[in-house]
Amino acid sequence: QVQLVESGGGLVQPGGSLRLSCAASGSIFSIKAMAWYRQAPGKQRELVAAIWITSGGSRNYADSVKGRFTISRDNAKNTVYLQVSSLRPEDTAVYYCNAVANDRGYDYDSWGQGTQVTVSS
């Protein structure tokens, strides 16, 4: 199994920046991809950004964050980051780290506990 722990959330003014971190432990060798999702009050959880651990490390972003958010990884630290910049009030949400791992031919999801990002003046 894979365990994920997020950190780095907080209160920031519009236009500000934060760096979210997601540290993975456990069966890290089985991870295929990692991603950040977010969920605002009263809304469904949505994919923000994803990065493949294999396949050359390709990345995908939601249209709403392209050019403002950057997902990256540090393999030595088993950590994935989400640099969030030019923040807007509508970016306010709980941000969750996700990992897709494979166990004996079956893919499964692991989730972190979430970290709150609040954008407000």
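# Notebook: rings, disulfide, strands

**Entry 1. Aromatic pair**

Y37 and W111 make the pair, edge-to-face, at 5.0 Å centre to centre and 65° between the planes. Strands here are DSSP runs of E, at least two residues, and helices are runs of H or I, at least four residues, numbered from the N terminus.

I note the ground rules. The model is predicted, so local features need pLDDT of at least 70 and side-chain atom pairs pLDDT 80 or more, while totals for chains, interfaces and linings use all residues. Residues are numbered from 1 along each chain as its sequence is written, and side-chain values use heavy atoms, with hydrogens and water left out.

Next I checked exposure of the pair. Buried means under 20% relative accessible area, exposed over 50%, and partly exposed in between (1.4 Å probe, protein chains only). Y37 has 22% relative accessibility, so Y37 counts as partly exposed. W111 is partly exposed too, at 36%.

**Entry 2. Charges over rings**

Which rings have an arginine over them? My test was NZ of Lys or CZ of Arg within 6 Å of the ring centre and within 35 degrees of the ring normal. R19 lies over the face of Y81, 4.2 Å from the ring centre. R45 has its charged end over the ring of Y96, at 3.8 Å from the centre.

**Entry 3. Disulfide**

I searched for cysteine sulfur pairs within 2.5 Å, the cut-off for a disulfide. The structure holds one. C22 is joined to C97, with S to S at 2.0 Å. I read -80° about the S-S bond, and the link is left-handed. It bridges distant parts of the chain: C22 sits in strand β3 (residues 18-26) and C97 in strand β9 (residues 93-103), 75 residues apart.

Are the two cysteines buried or exposed? C22 is buried, at 0% relative accessibility. C97 is buried as well, at 1%.

**Entry 4. Strand β9**

I stayed with β9. Eight of its 11 residues are buried, so β9 is largely enclosed by the rest of the structure.

Then I listed its partners; strands pair if DSSP finds at least two bridges between them. β4 and β9 run antiparallel, joined by eight bridges. There I31 faces A101 of β9. β9 and β10 are antiparallel, with six bridges, and D103 stands opposite Y106 in β10. Three bridges join β9, again antiparallel, to strand β11 (residues 115-119). V94 has Q116 of β11 as its bridge partner.

**Entry 5. Positive phi**

I looked for non-glycine residues with positive phi. R104 has phi near 50°. β9 and β10 form a hairpin with two residues between them, and R104 is in that turn. R104 is exposed, at 75% relative accessibility.

S86 has a positive phi of about 50° as well, and is not a glycine. Where does S86 lie? S86 is in the loop between β8 (79-84) and β9. At 40% relative accessibility, S86 is partly exposed.

**Entry 6. The four-stranded sheet**

I traced an open sheet of four strands, in the order β1-β3-β8-β7, with antiparallel pairing. Why are β1 and β7 its edges? β1 (2-7) and β7 (69-74) each have a single partner strand, so one side of each has no neighbour in the sheet. The twist averages 20° from one strand to the next, with axes as lines fitted to C-alpha atoms (for helices over the stretch in contact) and angles from 0 to 180 degrees between N-to-C directions.

β7 and β8 run antiparallel and share six bridges. I71 has L82 in β8 as its bridge partner.

**Entry 7. Whole chain**

I counted zero helices and 11 strands in the protein chain. Its radius of gyration is 14 Å, close to the 14 Å of the globule rule for 121 residues, so the chain is as compact as a globular protein of that length. That radius is over C-alpha atoms, and the rule is 2.2 Å times the number of residues to the power 0.38. Along the principal axes, the C-alpha atoms fill a box of roughly 50 × 25 × 25 Å. Buried residues make up 43% of the 121.

Note on methods: Phe/Tyr/Trp six-rings, centres within 6.5 Å; stacked < 30°, edge-to-face > 60°.
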